[in-house]
Amino acid sequence: MNRIALALAPLAGLALASAPTFATAAEISTHVLDLAKGVGGRDVPVVLLRKATDGTWSEVARARTDENGRVRAFGANNFEPGTYKLQFDMTGYPAPQASPFFPEIDLVFAVSDKAAHYHVPVVVSPYGYSTYRGN
């Protein structure tokens with residue numbers, strides 16, 4: 001180490017110790033995987049909803065999958081523990097004139113850990129779909 005680095009080393013720990021801490025909130029992402037084509041499902045509209053205590057659903061955010069079929073984040077939302085639903089509008093996938101067997105796919109899942117990342121992908125094919133908790 002040179003003399004400047006040695007002189008500044010104690011300050012690095014001080015800077016880290018005084019860095020602000022931020023409240024954590026769960027992160028939610030998704031991915032549409034087209035099993036028949038072996039690619040991500042691009043340009044699929046996705047709505048994220050949260051279930052209220054009275055059983056009604058309210059929209060939290062909406063997005064469209066990117067070129068790789070991903071929604072990496074639903075904005076700067078704070079996702080508190082609760083029950084959420086991802087609603088995929090498949091009516092225009094894989095082409096605008098598509099008439100899929102499953103025109104809408106709803107995935108309901110529980111967020112229990114405010115510090116966790118919840119990646120909830122859907123694997124689609126012409127006559128089926130599946131899901132899992134990814135990372």
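Ser130 counts as partly exposed, at 39% relative accessibility. In this predicted model, Ser130 sits in strand E10, which covers residues 128–131. Setting aside neighbours within four places in sequence, Ser130 is in contact with Pro121, Val122 and Val123. Leu33 is 97 residues away from Ser130 in sequence, yet the two C-alpha atoms are 9.9 Å apart in space.

## The chain as a whole

Let's step back to the overall layout. The protein chain has one helix and ten strands, and along the sequence they follow the pattern α-β-β-β-β-β-β-β-β-β-β. Of the 135 residues, 30% are buried.

Among contacts with a separation of 6 or more, 57% are between residues 24 or more positions apart. The chain exposes about 8600 Å², and carbon and sulfur atoms supply 56% of that area.

Now to a residue worth a look in the viewer. Asp34 belongs to strand E1 (residues 27–34). Asp34 is buried but has no salt bridge. The nearest side chain of opposite charge is that of Lys37, 4.6 Å away; a salt bridge would need the two charged groups within 4 Å.

Asp34 does have polar partners. A polar atom of the Asp34 side chain lies 3.0 Å from the backbone nitrogen of Lys37, and a polar contact of 2.5 Å joins the side chains of Asp34 and Tyr93. Not counting residues up to four places away in sequence, Asp34 touches Val39, Gly41, Tyr93 and Val124.

## Salt bridges

Across the whole structure, a search finds five salt bridges. One of them joins the side chains of Asp43 and Arg64, with an N to O distance of 2.7 Å. Asp43 lies in the loop between strand E2 (39–40) and strand E3 (45–51), while Arg64 is in strand E4 (residues 57–64), so the pair ties together parts that are 21 residues apart in sequence. Asp43 is partly exposed, with a relative accessible area of 44%, and Arg64 is partly exposed at 48%.

Glu80 and Lys114 form another salt bridge, their closest N and O atoms being 3.6 Å apart. This pair links distant parts of the chain, 34 residues apart: Glu80 is in the loop between strand E5 (70–71) and strand E6 (82–89), and Lys114 is in the loop between strand E7 (104–111) and strand E8 (117–119). Glu80 is partly exposed at 33% relative accessibility, as is Lys114 at 34%.

Arg72 and Asp66 also form a salt bridge, with closest N and O atoms 3.5 Å apart. Here Arg72 is exposed, at 53% relative accessible area, whereas Asp66 is partly exposed, at 26%.

Terms used. Residues numbered from 1 in each chain as written. Predicted model: local features only at pLDDT ≥ 70, side-chain atom pairs only at ≥ 80, totals over all residues. Heavy atoms only, no water. Helix = DSSP H or I, 4+ residues; strand = E, 2+ residues; numbered from the N terminus. Buried < 20%, exposed > 50% of the residue type's maximum accessible area, 1.4 Å probe, protein only. Lys, Arg positive; Asp, Glu negative; His and termini not counted. Polar contact = N/O pair within 3.5 Å; in protein donor to acceptor, adjacent residues only side chain to side chain. Contact = heavy atoms within 4.5 Å. Areas by Shrake-Rupley, 256 points an atom, 1.4 Å probe, with all protein chains shown as cover.
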